[in-house]
Amino acid sequence: MILTLTGASGAGKSTLAKALVCLLPSSELSPGCTTRAMRPSETAADVVHLSEERFSEMRERGDFLWAVEVHGLWYGTLRRVVADGLEDRAHCLLLALTPEVLPILKDFARKAGYGDEVRSVYVTSPEPSALRARLSARVDGNETIERRLDDCEAWDATARSSHLYDLFVPGEGDVELNARGLIDTLGILKPNQSGTAKKCSIREG
């Protein structure tokens, strides 16, 4: 199955995803492709960083099921990764997505006969001071930070009226508690699944 995580920049998608991977024995975060620089908290297993030229070549070849530009940077998800994630019902593949590609995923899943194998979660932005601190650690310049703060407010408002999401999860508070609540509410961890949660440290990033 596929679990999607959507939220504005700095909302806490990556941190929630890492918590879910720790708690779910049969899960993994799909390393999406992007042209942005690697963040200090990331590893090569988290995101595939590509040059703009390489990303463009793959996009033109049709390797991506979707590719979007956000804040001047490109993000994409490989078609084969989505297809494999839908077919493996005993595995939970986590995808961090922007709102405009969710209908593409759901349509692709429906046409492939796996419409019930997609769950969509929106991570709401934390309160402004906490969000500003997160963004300050990622981007340079007050103008850029202010623009992204405005974007976060708009994203959250649009998400609540979109009917695209199965669940809204706060991007602040106890991330492990939020992750456990998500798992229970959506019924992702089936009673007949075996295995134990992975032991790992969850850090905001």
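Start by colouring the chain by pLDDT, the predictor's confidence in each residue, from 0 to 100: the average is 86, and 88% of the residues score at least 70. This is a predicted model, in which local features need pLDDT of at least 70 and side-chain atom pairs count only at pLDDT 80 or more, while totals for chains, interfaces and linings use all residues. Residues are numbered from 1 along each chain as its sequence is written, and side-chain values use heavy atoms, with hydrogens and water left out.

Now select residues 191–197. Here pLDDT stays under 50, and the model gives this stretch eight contacts beyond four places in sequence. Contact means heavy atoms within 4.5 Å.

**Stop one: the five-stranded sheet**

Switch to cartoon view. Helices (H or I, at least four residues) and strands (E, at least two) are DSSP runs, numbered from the N terminus; two strands pair if DSSP finds at least two bridges between them. Look for an open sheet with parallel pairing and the strand order β2-β7-β1-β8-β9. Its edges are β2 (27–29) and β9 (167–170); each has a single partner strand, so one side of each is left without a neighbour in the sheet. On average, neighbouring strands here are turned by 25 degrees against each other, direction ignored. For angles, axes are lines fitted to C-alpha atoms (for helices, over the stretch in contact), and values run from 0 to 180 degrees between N-to-C directions.

Zoom in on β1 (residues 2–6) and β7 (residues 92–96), which run parallel and are joined by four bridges.

**Stop two: helix α6**

Next, select residues 142–160. This is α6, which lies across β1, β8 (118–124) and β9 and runs at about 140 degrees to β8.

Show the side chains of Ile145, Arg148, Leu149, Cys152, Asp156 and Ala159, which are buried (under 20% relative accessible area; exposed is over 50%, partly exposed in between, with a 1.4 Å probe and protein chains only). They cover an arc of only 110 degrees around the axis, taken from the directions from the helix axis to the C-beta atoms, which puts them on the same side of α6. The buried residues of α6 pack against β8, α5 (128–136) and β9.

Move to the open sheet ordered β4-β3-β6-β5, where the pairing is mixed. Its edge strands, β4 (48–49) and β5 (64–70), each pair on one side only. Pick Cys33 next: its bridge partner in β6 is Gly76.

Then select residues 79–87 for α3, which lies across β5 and β6 at about 45 degrees to β6. Its buried residues are Val81, Val82, Gly85 and Leu86. These span an arc of only 130 degrees, so they sit on the same side of α3. On the other side, Arg80 and Glu87 are exposed.

**Last stop: Ser30**

Finish in the loop between β2 and β3, where you'll find Ser30. Is Ser30 buried or exposed? At 8% relative accessibility, Ser30 counts as buried. Beyond its neighbours within four places in sequence, Ser30 is in contact with Asp46, Val81, Leu93, Leu94 and Leu95.
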